[in-house]
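User: I'm new to reading protein models. Could you walk me through a few features, one at a time?

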Amino acid sequence: MRRTKILTLVESCLREVELTFPVSNLYPELVKSFDARGLHCKDMGGLKSYPGCSHWHVSKPGEPGVLELTYWPVQSRFWIKVAHNRRAPWIELEIDALLTDY
């Protein structure tokens with residue numbers, strides 16, 4: 001297991017939480033966790049700004065809003081972002097659930 005810091009950015013409020021999880025199974029574990037709560041997790045590939053990272057979008061079918069997740073193994077960083085124009089009431093609850101799960 002590897003120690004990783006999670007950064008969450010919601011409405012310009014940054015929260016940092018340190019977690020331990022098996023990074024080799026991160027995507028399947030995220031999908032399993034979100035599927036169990038009726039959410040859709042889509043692999044978006046990576047981000048140019050963070051070479052080698054993995055980036056996902058989480059959405060709730062029939063609801064507005066997108067939760068963005070990024071894991072950058074080079075820096076052992078995992079962060080959660082909610083863009084201002086993609087906020088929705090369900091997102092904060094899912095961030096709390098994600099932090100509880102991991």
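This is a predicted model: local features need pLDDT of at least 70, side-chain atom pairs count only at pLDDT 80 or more; totals for chains, interfaces and linings use all residues.

User: Which residues of helix 1 are buried?

Analyst: First, the terms. Helices (H or I, at least four residues) and strands (E, at least two) are DSSP runs, numbered from the N terminus. Buried means under 20% relative accessible area, exposed over 50%, and partly exposed in between, with a 1.4 Å probe and protein chains only. An α-helix has 3.6 residues a turn, so residues three or four places apart point the same way. Here, the buried residues of helix 1 are L26, L30, S33 and F34. Seen down the helix axis, they fall within an arc of 90° (taken from the directions from the axis to the C-beta atoms), so they line one face of helix 1. K32 and A36 are exposed on the other side of helix 1.

User: Where is L26, and how buried is L26?

Analyst: L26 belongs to helix 1, which covers residues 26-36. Its relative accessibility is 6%, so L26 counts as buried.

User: What is a nonpolar core, and which residues touch the most other members here?

Analyst: In soluble globular proteins, nonpolar side chains tend to be buried together. A nonpolar core is a set of buried Ala, Val, Leu, Ile, Met, Phe, Trp, Tyr and Cys residues joined through side-chain atoms within 4.5 Å. The largest one in this model has 19 residues, and L30, F34, W56, V58, L67, L69 and F78 touch the most other members. At least two residues of this core come from each of helix 1, strand 4 (54-59), strand 5 (67-72), strand 6 (77-82) and helix 2 (89-101). Helix 2 gives the largest share, five residues.

User: How many salt bridges are there?

Analyst: Side chains of opposite charge can pair when their charged atoms come close. A salt bridge is a side-chain nitrogen of Lys or Arg within 4 Å of a carboxyl oxygen of Asp or Glu. By this rule there are two salt bridges. One joins the side chains of E94 and R37 at 2.6 Å, N to O. E94 lies in helix 2 and R37 in the loop between helix 1 and strand 3 (40-43), so the pair ties together parts 57 residues apart in sequence. E94 is buried at 9% relative accessible area, whereas R37 is partly exposed at 26%. In the other, the closest N and O atoms of E68 and R86 are 3.5 Å apart. This pair links E68 in strand 5 with R86 in the loop between strand 6 and helix 2, 18 residues apart.

User: Which residue makes a polar contact with T70?

Analyst: A polar contact is a pair of N or O atoms within 3.5 Å; within protein, one must be able to donate a hydrogen and the other to accept it, and residues adjacent in sequence count only if both atoms are side-chain atoms. The side chains of T70 and H55 make one at 2.7 Å. T70 sits in strand 5 and is buried, at 2% relative accessible area.

User: How many disulfides does the structure hold?

Analyst: A disulfide is a covalent bond between the sulfur atoms of two cysteines. The cut-off used is a pair of cysteine sulfur atoms within 2.5 Å, and the structure holds zero disulfides. C41 is buried at 8% relative accessible area, and C53 is buried at 7%.

Methods. Residues are numbered from 1 along each chain as its sequence is written. Side-chain values use heavy atoms; hydrogens and water are left out.
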